[in-house]
Amino acid sequence: MKSPLILAFAACAALALVPSTASAQRQPPTPDQRLERLEKQMQQVQRQVFPKGRPADTAGFSDEPAATQSSVVTLDQRLDALERQMTDMLRQTEENGNRLRNLETGIGQMKTDQEQRIQALEQRMNAAAPLAPVETSPTQPEPATPSAKPKPSTSSKRTAPPDASTATAAASDPGEEAYAEGFRLWEAGNYDQAITALRAFTSAYPKHRRVTYANNLIGRALLDKGDARAAAEAMLSNYRNNPAGERAPDSLFYLGQALTKLGQARQACKAYAELDAVYGAKIRPDLKKLENDAKAQAQCS
């Protein structure tokens, strides 16, 4: 049996060792520990940056036989530099990740906006109810002066040549003359002036039979001057507001032309399909030929 005095000394020695152990644990990491930690972190970074293998070793090593004060200072400086570089690399990685997420979000928003615009246009197309056309008098073409020579249009060929009765009608009808003035401006290529004159005509003579002609010609003038989107809106409005009008089939056809210029061939094919479904055999032969050529151009099935 051990003496009580020996046991007391042993307990005091154990208590004396506890503070020294705790103080040893609180000591800062040694250079070797810092190097080992940096090597582990560098290996993690290399696995992300070089997933197919590690790069060639390029770091130099000191050949000094023993540690000196200068070598210890140099080692500390290199360690500090490595830690700063690791911090910068981590920061740049986070910033690049944020930029990439922002780019992905922006691209997703652009796709969503484009799909919404396409869906809105499809809804406007589908909203045009396919009403059966009523019987009308034989279609009379746009008037033109005998000396005027048709000017090639960028949208399509001029349709429906003039007849001999338009000059007499214009002389006795001021509305007819107002429309004829707008037509002559369009035929001469003065599209802005033609649009102004035709809109003034529709405002002054809203019940005139040439209103459907004027609205259709406004759309064609917009298409000829390169404003395909405004032309599509004008053509769709003329067709929907008066589907029984004499130029409603033309507006439906040129709506397809405007959509083709906007790069929406599928929507253009829908416009041509509605033209066939609504007007069928009543489509003029010259317009039907233009429609067949347009379908082939848009690759409609």
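Modeller: The model is a predicted one. In it, helix 9 (residues 248-261) and helix 10 (residues 265-279) pack with their axes 7 Å apart and at an angle of about 165°.

Colleague: Why are helix 9 and helix 10 called roughly antiparallel?

Modeller: Angles over 145 degrees count as roughly antiparallel. The angle here is about 165°, and helix 9 and helix 10 are therefore roughly antiparallel to each other. The crossing of helix 9 past helix 10 is left-handed.

Colleague: Which residues make the contact between the two helices?

Modeller: Helix 9 contributes residues including Leu252, Phe253, Leu255 and Leu259, while Ala268, Ala271, Tyr272 and Leu275 are among those from helix 10. By class, the residues of this contact comprise 12 nonpolar, four polar and one charged.

Colleague: What makes a set of residues a nonpolar core, and how many residues has the largest one?

Modeller: The members must be buried nonpolar residues joined through side-chain atoms within 4.5 Å. The largest such core has 41 residues, and Tyr179, Trp186, Phe253, Leu255 and Tyr279 have the most contacts inside it. Elements giving two or more residues to this core include helix 5 (174-187), helix 9 and helix 10. Helix 7 gives the most, with eight residues.

Colleague: How do you know what pattern the protein chain follows?

Modeller: The protein chain has 11 helices and zero strands, and its pattern along the sequence is α-α-α-α-α-α-α-α-α-α-α.

Colleague: What share of the residues is buried?

Modeller: Buried means under 20% relative accessible area, and buried residues make up 31% of the 301 residues in the protein chain.

How values were computed: Residues numbered from 1 in each chain as written. Predicted model: local features only at pLDDT ≥ 70, side-chain atom pairs only at ≥ 80, totals over all residues. Heavy atoms only, no water. Axes fitted to C-alpha atoms, helices over the stretch in contact; angles between N-to-C directions. Helix = DSSP H or I, 4+ residues; strand = E, 2+ residues; numbered from the N terminus. Parallel < 35°, antiparallel > 145°, perpendicular 65-115°, else oblique. Left-handed = near helix turned anticlockwise from the far one by under 90°. Contact = heavy atoms within 4.5 Å. Nonpolar A, V, L, I, M, F, W, Y, C, P; charged D, E, K, R; others polar. Buried < 20%, exposed > 50% of the residue type's maximum accessible area, 1.4 Å probe, protein only.
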